[in-house]
Amino acid sequence: IAAYQAQEMMQGLDQSKDGQVSISELMNYGQAQTETKNTTQTSTTDTHDQSTVNGTTSDPNPPDVNATPEQRAADLIAQYDNDKKGYIVTNELITAWTKDPSLGDPANAQNAIDAWDLNGDNHVSLDELTTGISAMDQADAILAAFDPNGTGRIDIPQALSVKPAGF
């Protein structure tokens with residue numbers, strides 16, 4: 001039964017059908033799960049509480065690992081949203097990343113916005129950032145559980161050899 005369940009899980013996660021689950025496939029799965037969860041809950045978020053950011057770059061002041069996705073998203077908004085409008089736009093990333101290249105490559109600022117901007121309005125809101133961070137956290141947890149060798153990929157033999165709690 002465990003082998004069947006692992007194989008079923010792999011088939012669901014393995015979007016490219018190459019027999020392995022990459023971190024991007026895990027993130028896509030986590031993002032979909034988070035979006036599904038968010039659509040089933042009543043939203044009490046004020047639409048003016050919005051922000052944007054690229055959490056994938058290195059950060060000289062990394063977020064508190066014990067902070068919630070909401071707290072980390074708010075911290076990123078505070079870091080990049082210089083005019084306090086509640087969301088992040090491309091020019092704010094370019095300005096910050098030009099001043100401090102360790103934060104990111106200014107040439108990738110629009111790609112960062114596009115990656116986090118779920119509704120296509122060309123800025124990243126607090127909700128979008130929180131959703132993305134939650135999805136990344138879920139992907140990290142799944143990868144950590146099913147990739148004991150630290151390869152960055154999950155294959156069927158690895159999945160069958162691990163018995164993580166909660167899966």
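User: How many salt bridges does the structure hold?

Analyst: First, the ground rules. This is a predicted model, where local features need pLDDT of at least 70, side-chain atom pairs count only at pLDDT 80 or more, and totals for chains, interfaces and linings use all residues. Residues are numbered from 1 along each chain as its sequence is written, and side-chain values use heavy atoms, with hydrogens and water left out.

Now the general idea. Side chains of opposite charge can pair when their charged atoms come close. A salt bridge here is a side-chain nitrogen of Lys or Arg within 4 Å of a carboxyl oxygen of Asp or Glu. The structure holds four of them.

User: Which residue meets Arg-72 in a salt bridge?

Analyst: Asp-137 does, with N and O 2.8 Å apart. Arg-72 lies in helix H3 (residues 69–80) and Asp-137 in helix H6, so the pair ties together parts that are 65 residues apart in sequence. Helices are DSSP runs of H or I with at least four residues, strands are runs of E with at least two, and both are numbered from the N terminus.

User: Is Arg-72 buried or exposed?

Analyst: Start with the cut-offs. Buried means under 20% relative accessible area, exposed means over 50%, and partly exposed is in between (1.4 Å probe, protein chains only). Arg-72 is buried, at 15%.

User: Which residues do salt bridges join into one network?

Analyst: Asp-81 bridges to Lys-85, with the closest N and O atoms 3.0 Å apart. Glu-92 also meets Lys-85, at 2.4 Å from N to O. Asp-81 is buried, at 3% relative accessible area. Glu-92 is buried too, at 8%. Lys-85 is partly exposed, at 23%. Shared partners join Asp-81, Asp-83, Lys-85 and Glu-92 into one network.

User: What is the nearest side chain of opposite charge to Glu-128?

Analyst: In this count, Lys and Arg are positive, Asp and Glu are negative, and His and the chain ends are left out. For Glu-128 the answer is Lys-85, 12 Å away. Glu-128 is buried yet has no salt bridge. Glu-128 sits in helix H6 (residues 126–146).

User: Where does a polar atom of the Glu-128 side chain lie 2.8 Å from a backbone nitrogen?

Analyst: At Ser-125: the backbone nitrogen there is the other atom of the pair.

User: Which residues is Glu-128 in contact with, leaving aside neighbours within four places in sequence?

Analyst: Contact means heavy atoms within 4.5 Å. On that basis, Glu-128 touches Trp-116, Asp-117, Leu-118, Asn-119, Asp-121 and His-123.

User: Is phi of Lys-84 positive or negative?

Analyst: The general idea comes first. Most residues other than glycine have a negative phi. Lys-84 has a positive value, near 60°. Lys-84 is in the loop between H3 and strand E2 (87–88). At 63% relative accessibility, Lys-84 is exposed.

Asn-122 also has a positive phi, near 70°. Its place is the loop between helix H5 (109–116) and strand E3 (124–125). Asn-122 is partly exposed, at 40%.

User: Is Gly-132 buried or exposed?

Analyst: Gly-132 is buried, with a relative accessible area of 5%. Its place is in helix H6. Compare sequence and space as well: Gly-132 and Asp-117 are 15 residues apart in sequence, and their C-alpha atoms are 9.3 Å apart.

How values were computed: A polar contact is a pair of N or O atoms within 3.5 Å; within protein, one must be able to donate a hydrogen and the other to accept it, and residues adjacent in sequence count only if both atoms are side-chain atoms.
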